[in-house]
Amino acid sequence: MKKVRVLFADDEQGLVSAVVRRLTLRNIIACGVTSILDALRKMDEEIFDVAVLDVRMPDIGGLDVLRRFRNKYPDVEVILLSGHGSVENVEEAERLGAFEYLQKPVEIEDLVSVIHEAAAKSGRAQHE
Amino acid sequence: MSKPTSEQLRDEGMMFLGKIIAVQSHEATNAFNVINEMAGLQMDILQDAMDEKPHDVSELNDICTQIRLHVRRGGQIIKNINWFAHSVDGNDTGFVLEEALSRITTVAKHWMRSRRVSFVTEFPDGSPTVETHPFFFAYAVLLCIDVMTSTAVDEQRVTIRCMKSDDSFEIAITNSRSSLSSKGGQIILSTLESLMTELGGSLKVLLDKENEDSIVFFIPNRRYDADGDLTRVKEGLQ
């Protein structure tokens, strides 16, 4: 059975540790980082099917994150997480190619479900 | 450039207070999100244990520690929100300078998180209790930090040095570079001058002295009387 590879980025270390662990317990290969620059570095080093990114990160914020990812890694589906997204942000994110725009806090089962849907669409699924 | 009037200052101050509370409530939400995920992870591990799947019980101890840490964090954030909310009252104008600056720099770090600023506070004469309007004081310090850090691209360290004399205190805020010379910096400087007038004090700007920019506030110890006006210095302060 294929295992989905996910990169999870949020500037809250505690959140990253907990979510990565919970995804791992649900049979997902998860890697966590706390900055977008580290996320971009990881994307160059390893293969991921899906990236889950917090929109509000100190180093590169907002939808610039999405633009960078979609430009450099068009085969990786991006799920955005936000504490408070406006309708305009959601529409802009969809226009820029985000797979989904989720409001925090996200139930883990909902996140896993969206990750699997995104991975199915991704062109770089990892085979096990 | 005309200085803001007292009324404009109060209006701008209220908007500023709104920004501070929004920043702090966002941080509180972050803390709750971490607690939520940690609690969920705890439930996952317990479920594995009940299902007799392999599990690491020692991990539960780490999770509990993390939950308590973030509960304390949330508590501190709420206390900060309380401090700023009550600071606008102006009724209780005595406060410990070290505690006030700790709250102010915490808010600054959250508000300006993309700027990667760290703070060093120095109290050569010990940590005094001072008397002035706490909100206008906090507003002035935060505006000062904003203008001192807005142009920097690398990690930076802001030094806040506090000195007290018998009837006044002095705060010097220093960084290696500021935007004081820009048009935006001049607007902020104008607001700072008005704030100092409200506090009965003054400020001095030192540009490129020993490769650093500084703003120095001179603030007399004063309290509000029953009519809401600043009175003369109260004697006998520590």
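Predicted model: local features only at pLDDT ≥ 70, side-chain atom pairs only at ≥ 80, totals over all residues.
Of the 238 residues in chain B, 46% are buried.

In chain B, 5 strands form an open sheet of mixed pairing, in which the order is β2-β4-β5-β7-β6. The edges of this sheet are taken by β2 (117–122) and β6 (202–209) of chain B, and each of these has a single partner strand, so one side of each is left without a neighbour in the sheet. When direction is ignored, neighbouring strands of the sheet are turned against each other by 15° on average.

Strand β4 (residues 156–164) and strand β5 (residues 168–175) of chain B pair in the antiparallel sense over 6 bridges, and B:T159 has B:T174, in β5(B), as its bridge partner. Strands β6(B) and β7(B) also run antiparallel and are joined by 6 bridges, with B:S202 standing opposite B:F218 in β7(B). The strands β6(B) and β7(B) form a hairpin that has 2 residues between them, and in the turn B:E210 has a positive phi of about 55°.

Helices of chain B lie across this sheet. Helix α3 (residues 97–111) of chain B lies across β2, β4 and β5 of chain B and runs at about 170° to β2(B). Helix α4 (residues 134–149) of chain B lies across β2, β4, β5 and β7 (212–220) of chain B, and runs at about 170° to β7(B). In another helix of chain B, α2 (residues 58–87), B:R72 is found. The relative accessible area of B:R72 is 51%, and because a residue counts as exposed when this value is over 50%, B:R72 is exposed. Although B:R72 and B:A31 are 41 residues apart in sequence, their C-alpha atoms are 9.2 Å apart in space.

Over all chains, the structure holds 9 aromatic pairs. The rings of B:W83 and B:F84 have centres 5.1 Å apart and planes at 80°, so this pair is edge-to-face, given that planes over 60 degrees apart are counted in that class. Both residues are buried, since the limit for this class is under 20% relative accessible area: B:W83 has a value of 16%, and B:F84 a value of 0%. Elsewhere, ring pairs link B:F16, B:W111, B:F135, B:F136 and B:Y139 into a cluster. In chain A, a charged residue is placed over a ring, as A:R5 lies over the face of A:F48 at 5.7 Å from the ring centre.

The final part concerns the interface between the two chains. Here, 16 residues of chain A are in contact with 16 residues of chain B. The size of an interface is often given as the accessible area lost when the parts come together. Chain A and chain B bury about 1600 Å² between them, and 50% of this area is on carbon and sulfur atoms. Of the area that chain A buries against chain B, A:E12, A:R22 and A:R56 supply 32%, which is more than any other three residues.

Definitions and conventions: Residues numbered from 1 in each chain as written. Chains lettered and ligands numbered in written order. Heavy atoms only, no water. Pairing = 2+ DSSP bridges. Helix = DSSP H or I, 4+ residues; strand = E, 2+ residues; numbered from the N terminus. Axes fitted to C-alpha atoms, helices over the stretch in contact; angles between N-to-C directions. Contact = heavy atoms within 4.5 Å. Phe/Tyr/Trp six-rings, centres within 6.5 Å; stacked < 30°, edge-to-face > 60°. Buried < 20%, exposed > 50% of the residue type's maximum accessible area, 1.4 Å probe, protein only. Lys NZ or Arg CZ within 6 Å of the ring centre and 35° of its normal. Buried area = accessible area lost by both parts, 1.4 Å probe.
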